[in-house]
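Please consider the following chain, shown with its sequence and three-dimensional structure. The report begins with one side-chain contact and then widens to the chain as a whole.

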Amino acid sequence: MVHYADGRPLGDLTLRTLAMPSDANAAGDIFGGWVMAQMDLACGIRAAERAKGRVVTAAVKEMSFAKPMKIGDTLCIYTHVEHVGRTSMTLKVEAWAQRYLSDLMEKVTHADFVMVALDGEGKPKPVPAEG
């Protein structure tokens, strides 16, 4: 049974991956850019499902790291489509670390990602209605 140290994650579990030595600095701390890239991947998955097609990242709103990740931690990315506009959508994204060989889950960071739906020619297209 997992123990959440910082409340419960918002949204759906969209991506899980293991932090490896190649993702870390010499002290064993995982690069923030690696965490952010995983969050971007998760947003791409969730937004493409919602847009029923190609999407790109248009913006990432303020992001700060509350806790470090270490080699061996499992990164769990949760996403929630917060708002859908005409061609874009805003997703709330949380990154949680399940500590190595532990039941402890701690929130590492969170951000809002703005994703834009694109047509086959790479131009913004309307996000279809849900259903």
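## A side chain that reaches a backbone oxygen

In this predicted model, a polar atom of the side chain of Q98 lies 3.1 Å from the backbone oxygen of S102. A polar contact is understood here as a pair of N or O atoms within 3.5 Å, where within protein one atom must be able to donate a hydrogen and the other to accept it, and where residues adjacent in sequence count only if both atoms are side-chain atoms. Q98 itself is placed in strand β6, and with a relative accessible area of 16% Q98 is buried, the classes being buried under 20% relative accessible area, exposed over 50% and partly exposed in between, for a 1.4 Å probe and protein chains only. Once its neighbours within four places in sequence are set aside, Q98 is in contact (heavy atoms within 4.5 Å) with V2, R16, D73, T74, D103, L104 and M105.

This is a predicted model, in which local features need pLDDT of at least 70 and side-chain atom pairs count only at pLDDT 80 or more, whereas totals for chains, interfaces and linings use all residues. Residues are numbered from 1 along each chain as its sequence is written, and side-chain values use heavy atoms, with hydrogens and water left out.

Helices (H or I, at least four residues) and strands (E, at least two) are DSSP runs numbered from the N terminus, and helix α1 covers residues 32–51. Q38 belongs to this helix and is buried, at a relative accessible area of 11%. Apart from its neighbours within four places in sequence, Q38 has contacts with L15, T17, L75 and I77.

## Salt bridges

Side chains of opposite charge can pair when their charged atoms come close. With a salt bridge taken as a side-chain nitrogen of Lys or Arg within 4 Å of a carboxyl oxygen of Asp or Glu, the count comes to nine salt bridges. One of them joins K70 and D29, whose closest N and O atoms are 2.9 Å apart. This pair links distant parts of the chain, 41 residues apart, with K70 in the loop between β4 (64–65) and β5 (74–84) and D29 in the loop between β2 (12–18) and α1. K70 is partly exposed at 37% relative accessibility, and D29 is likewise classed as partly exposed, with a relative accessible area of 24%.

E49 is partly exposed, with a relative accessible area of 47%, whereas R46 counts as buried at 16% relative accessibility. D112 also forms a salt bridge, with K92, the closest N and O atoms being 3.2 Å apart. Because D112 lies in strand β7 and K92 in strand β6, this pair ties together parts that are 20 residues apart in sequence; K92 is partly exposed, with a relative accessible area of 29%. Salt bridges that share partners also join D6, K67, D73, R99 and E106 into one network.

## Positive phi in two loops

Which backbone angle sets K52 apart as a residue other than glycine? The phi of K52 has a positive value, near 55 degrees. K52 is found in the loop between α1 and β3 (55–60) and counts as exposed, at 52% relative accessibility.

L101, although not a glycine, has a positive phi of about 55 degrees. The loop that holds L101 runs between β6 (88–98) and β7 (104–117), and L101 is exposed, with a relative accessible area of 77%.

## The chain as a whole

The chain has one helix and seven strands, and from the N terminus on its elements run β-β-α-β-β-β-β-β. The radius of gyration, taken over C-alpha atoms, is 16 Å, close to the 14 Å that the globule rule (2.2 Å times the number of residues to the power 0.38) gives for 131 residues, so the chain is as compact as a globular protein of that length. Along its principal axes, the C-alpha trace spans about 45 × 30 × 20 Å.

Of the 131 residues, 40% count as buried. Among contacts in the chain with a separation of 6 or more, residues 24 or more positions apart account for 71%.
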